[in-house]
Amino acid sequence: MAYSRERAIEGNRREYGEIYDLLPWVTEEEARRAGAEREAMIRSMPPGVAFGFHNTKLDCRELSPGCRLCGEGVWSCLFINNLCNGQCFFCPTGQGSRSEPVTHVIRFPDPQDYVDYVDRFGFRGVSISGGEPLLTLDRTLLFLKKIRNRFGPGVHLWLYTNGKALTRDILVRLRDAGLDEIRFNICSTHYDLEKVRMAPGIVPTVTVEIPAVP
């Protein structure tokens, strides 16, 4: 399908609804300047930096399995709830509702339906996000177990967390439910690494992922 500026704008309007007109969209001139600045930054990278995923990602030498599946576009992100105990300034979502698990506006109150969805589209990875998945731990564990039981090691499972509610016991339960990788947002804990240090040796892959703000 040929690119249509009007179609793209209309798609954004549908997605963002009433907040669309409140968003500070860049002008064409601002976009050109930003593009030129980006190209200059890329050219300034030192030798040895490994670009990947059509040159949209920098330094891809030591990416986690979840990062690679994300970059390849072969994973599904399940928003397990809409609750959070963090106050990250960059977060655009509401944080006060248990809600039903959802992905791409499709709701999955029954984990078996989600497993069928993953199977239907052949995803090789699934991430559990939120909100904060640990605030509905039983639900999170149930979905992890259902996915692992269906696909075995054929689907890589990871979870996003700020770690505030994390304990060693919870880490063991997540691992036993099939979790392969855990990702920490340490911005929410003022860059405290205490909970991050608990995870190695329990969950196979431990990563830290936070927005980079110039």
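In this predicted model, Arg150 is partly exposed, with a relative accessible area of 36%, and its side chain forms a salt bridge with Asp119, the closest N and O atoms being 3.0 Å apart. This pair links distant parts of the chain, since Arg150 lies in helix H5 (residues 137-151) and Asp119 in helix H4 (residues 111-121), 31 residues apart. Asp119 also counts as partly exposed, at 41% relative accessibility.

**Other salt bridges**

- The structure holds 14 salt bridges, and one of them joins Glu209 to Arg183 at 2.3 Å, N to O.
- Glu209 sits in the segment after strand S9 (205-208) and Arg183 in strand S8 (residues 181-184), so that this pair, 26 residues apart, links distant parts of the chain.
- Arg183 counts as buried because its relative accessibility is 3%, under the 20% cut-off, whereas Glu209 is partly exposed at 38%.
- Arg175 forms a salt bridge with Asp176, with 3.1 Å between the closest N and O atoms; Arg175 is partly exposed at 34% relative accessibility, while Asp176 is exposed at 55%.

**Nonpolar surface**

- Tyr16, Ile19, Leu22, Leu23 and Trp25 make a nonpolar surface patch of about 490 Å².
- Tyr16, which is found in helix H1 (residues 5-16), is partly exposed, with a relative accessible area of 34%.

**The chain as a whole**

- The protein chain contains 7 helices and 9 strands, and 36% of its 214 residues count as buried.
- The mean positions of its 27 positive and 27 negative charges are 3 Å apart.

Terms used
Residues are numbered from 1 along each chain as its sequence is written. This is a predicted model: local features need pLDDT of at least 70, side-chain atom pairs count only at pLDDT 80 or more; totals for chains, interfaces and linings use all residues. Side-chain values use heavy atoms; hydrogens and water are left out. Helices (H or I, at least four residues) and strands (E, at least two) are DSSP runs, numbered from the N terminus. Buried means under 20% relative accessible area, exposed over 50%, partly exposed in between (1.4 Å probe, protein chains only). Lys and Arg count as positive and Asp and Glu as negative; His and the chain ends are not counted. The place of a charge is taken as NZ of Lys, CZ of Arg, CG of Asp or CD of Glu. Patches are made of residues with over 30% relative accessible area and no salt bridge: like charges are joined within 9 Å, nonpolar side chains (Val, Leu, Ile, Met, Phe, Trp, Tyr) within 5 Å. Accessible areas come from the Shrake-Rupley method with a 1.4 Å probe; for residues, only the protein chains shown count as cover. A salt bridge is a side-chain nitrogen of Lys or Arg within 4 Å of a carboxyl oxygen of Asp or Glu.
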